[in-house]
Amino acid sequence: MAQCAGTKRNGERCTASVEAPLALCWWHDGSNAEQRRRAASKGGKSRPNRITKELHSLLESLTEQVVAGDLEPYRASVAGQLVGVRLRLLEYERRVKEQDELVGRLEALEEQITAEKNSESRRSAWGV
Ligand SMILES: [Zn+2]
């Protein structure tokens, strides 16, 4: 086991240990960058409000139709309720995504902490 050749954000040498032939831990190995990025943004940012725009124009159109007398108030009211249901569903989806993202970030942190702990306890066992 060797020590990771990477540098931590605070400028200190990374304390994670690595198995030969690797020279960098999972955290510092560039080939894991994509995986790390996915873990960090698991669930992703919400798409730039395509659905919000859709709902805006739907509501606008419903309002115009009701005002113009082209749509019965009852139908418009039901449509409005359905829009409300969709909004609640979107909010639910957002919360789930947020939770997934947090879990992904926690798992990455736990992995790093475990790797550093392991390498520290090995070093103290050797009296280094
Ligand atoms: Zn490292």
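Modeller: Let's start in helix H2 (residues 50-68), where Glu54 and Arg50 sit four residues apart, about one turn of the helix; helices are DSSP runs of H or I, at least four residues, strands are E runs of at least two, and both are numbered from the N terminus. Bear in mind that this is a predicted model: local features need pLDDT of at least 70, side-chain atom pairs count only at 80 or more, and totals for chains, interfaces and linings use all residues. Numbering runs from 1 along each chain as its sequence is written, and side-chain values use heavy atoms, without hydrogens or water.

Glu54 and Arg50 form a salt bridge, with their closest N and O atoms 2.6 Å apart (a Lys or Arg side-chain nitrogen within 4 Å of an Asp or Glu carboxyl oxygen). Both partners are partly exposed: Glu54 has 34% relative accessibility and Arg50 has 47% (under 20% is buried, over 50% exposed, in between partly exposed; 1.4 Å probe, protein chains only).

The structure holds nine salt bridges. Another one joins Arg95 to Glu91, with 3.7 Å between the closest N and O atoms. These two are about one helical turn apart, because they sit four residues from each other in helix H3. Arg95 is partly exposed at 46%, and Glu91 is partly exposed too, at 32%. Both also belong to a salt-bridge network that links Glu91, Arg94, Arg95 and Glu98.

Now for a pair that reaches across the chain. Glu116 and Lys8 meet through their side chains in a salt bridge, at 3.9 Å from N to O. Glu116 is in helix H3 and Lys8 in the loop between S1 and S2, so this pair links distant parts of the chain, 108 residues apart.

Ser119 is buried, at 6% relative accessible area. If you skip neighbours within four places in sequence, Ser119 is in contact with Thr15, Ala16 and Ser17 (heavy atoms within 4.5 Å).

Cys4 (SG), Cys14 (SG), Cys25 (SG) and His28 (ND1) coordinate the zinc ion at 2.1 to 2.3 Å (donors are N, O and S atoms within 2.8 Å of the metal, or 3.2 Å for Na, K and Ca). Cys4 and Cys14 lie 10 residues apart, both in the loop between strand S1 (2-3) and strand S2 (17-18). Along the sequence, the donor spacing reads C-x9-C-x10-C-x2-H. The four donor atoms subtend angles of 105 to 116 degrees, which makes the arrangement tetrahedral (all angles between 85 and 135 degrees for four donors). For reference, the ideal angle for four tetrahedral donors is 109.5 degrees. Cys4 is buried, at 0% relative accessible area, and Cys14 counts as buried as well, at 1%.

One backbone detail to finish. Pro21 is in the loop between S2 and helix H1 (33-40), and the peptide bond from Ala20 to Pro21 is cis, with omega near 10 degrees. Most peptide bonds are trans.

Notes
Tetrahedral: all angles 85-135°; square planar, octahedral: opposite > 155°, others 65-115°.
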